[in-house]
Amino acid sequence: MKHASVIGTGSCLPERKLTNFDLEKMVDTSDEWITTRTGIHTRRIAGKGEENYRLATCAAREALAMSGIDAKDIDLIIVATFTPHMMMPSCACFVQAEIGASNAYAYDMNAACAGFLYALDMADKNICSNPDINILVIGSETLSAHVNWQDRNTCILFGDGAGACVVTGGIDGTGIVDSKLCSDGNLWKLLYMHSPKSLNPEIIQEDNNGCHIKMMGRDVFKHAVRAMEEAIVDILERNNLTVNDVDLMIPHQANIRILNKLVERLDVSREKVYINVNKYGNTSAASIPIALDEANRQGKMNRGDLLLFCSFGGGFTWGSMLMRW
Ligand code: ACO
């Protein structure tokens, strides 16, 4: 059976860099605190003309150019995001219009930071039943629009950006090998963001004091490490593999301390782990495709390499994925 294989990647980051020193002037924090607790030095913040769908479109164009596929030959566009610039239409429909993918259907999906892996898994399931189709899978976020810039617990963590890839049915043995996706809605209160306030007085959420990210950082940290570790151990075991078989690990870029703990617990060589959280902060669903595109353009993958992805986010949602490049 053919599986989703990546034939082109792209990414797009806003121009403006927000440094830890800039944040020192905005909230009671310091470069030293942010660097030691998170590993983040800068993050990109969207400006005029850099709405979510525009970042997504720019990443999509790069991925299409690399793949050599014409936009008209794209059959499906999936955008993973929880920060679309409009609730309706979807970000994916805007991308479709911008790139002229007139033969595609398009929709968004929200699985927070795990969104890109969920979207890639959905693309794979489509390709398993129809290997000749081409799918654009995008992770794109403008988290800066939903961060409380007075809350030092969260505003230092997040950044904006988009990453994309074009996938199609690859030659046998390449593409997505397996994915393990998980959710636990019982723990939603540890990391969440309200919708805009309800206009129906019967269904008002009492504690909805704004549409921005709220997080119990310590609890999220513990759950994230444990959940990603379990998802990775499980997917490796059920495929009769060990971490030594992995050529490159591309984790969700949330926090360097989460990544360090994961590296330590899995006993994976640090050289095999792609890290760019220092440059972009946590870009949620966009973090894995941005890292994938960077690694690809830096020539870090060879055909046949085994890639391991993992992510964790609000919901909770999390998972791991193996891909033969
Ligand atoms: N600057 C200075 N001090 C701060 C800051 C800041 N930016 N933020 C919090 N503090 C203070 C707190 O107020 C607290 O002070 P207190 O002891 O006087 O009350 C102290 O620092 C310690 O706060 P903690 O929250 O316990 O700090 P912790 O060591 O846990 O680090 C952090 C906080 C970085 C948020 C950490 O918990 C973490 O990384 N959590 C995971 C967050 C994450 O990655 N979330 C995203 C995953 S899901 C997704 O990607 C959406």
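The model is predicted.

An open sheet of 5 strands is present, with mixed pairing and the order 1-7-6-4-5. Strand 1 (4–12) and strand 5 (105–109) stand at the edges. Each has a single partner strand, so one side of each lacks a neighbour in the sheet. On average, neighbouring strands are turned by 20° against each other, direction ignored. Strands of a sheet pair through backbone hydrogen bonds, in either the parallel or the antiparallel sense. Strand 4 (residues 76–80) pairs with strand 6 (residues 134–142) in the parallel sense, over 5 bridges. I77 has L136 of strand 6 as its bridge partner.

Helix 5 (residues 115–129) packs on this sheet. Helix 5 touches strand 1, strand 4, strand 5, strand 6 and strand 7 (160–169). The direction of helix 5 makes about 170° with that of strand 6. Helix 10 (residues 287–297) lies across strand 1, strand 6 and strand 7. Its direction runs at about 100° to strand 1.

In the side chain of R218, an N or O atom is 2.9 Å from an oxygen atom of the ligand. W33 places a polar side-chain atom 3.4 Å from a ligand nitrogen atom. Taken alone, the ligand exposes 1,000 Å², of which the protein buries 76%.

Most peptide bonds are trans, and most residues other than glycine have a negative phi. The peptide bond from M88 to P89 is cis, with omega near 0°. P89 lies in the loop between strand 4 and helix 4 (91–99). The bond from G315 to F316 is also cis, its omega being near -10°. F316 sits in the loop between strand 12 and strand 13 (317–324). D267 is not a glycine, yet has a positive phi of about 60°. The loop between helix 8 and helix 9 (277–280) contains D267.

Terms used
Residues are numbered from 1 along each chain as its sequence is written. This is a predicted model: local features need pLDDT of at least 70, side-chain atom pairs count only at pLDDT 80 or more; totals for chains, interfaces and linings use all residues. Side-chain values use heavy atoms; hydrogens and water are left out. Two strands pair if DSSP finds at least two bridges between them. Helices (H or I, at least four residues) and strands (E, at least two) are DSSP runs, numbered from the N terminus. Axes are lines fitted to C-alpha atoms, for helices over the stretch in contact, and angles run from 0 to 180 degrees between N-to-C directions. Contact means heavy atoms within 4.5 Å. A polar contact is a pair of N or O atoms within 3.5 Å; within protein, one must be able to donate a hydrogen and the other to accept it, and residues adjacent in sequence count only if both atoms are side-chain atoms. Accessible areas come from the Shrake-Rupley method with a 1.4 Å probe; for residues, only the protein chains shown count as cover.
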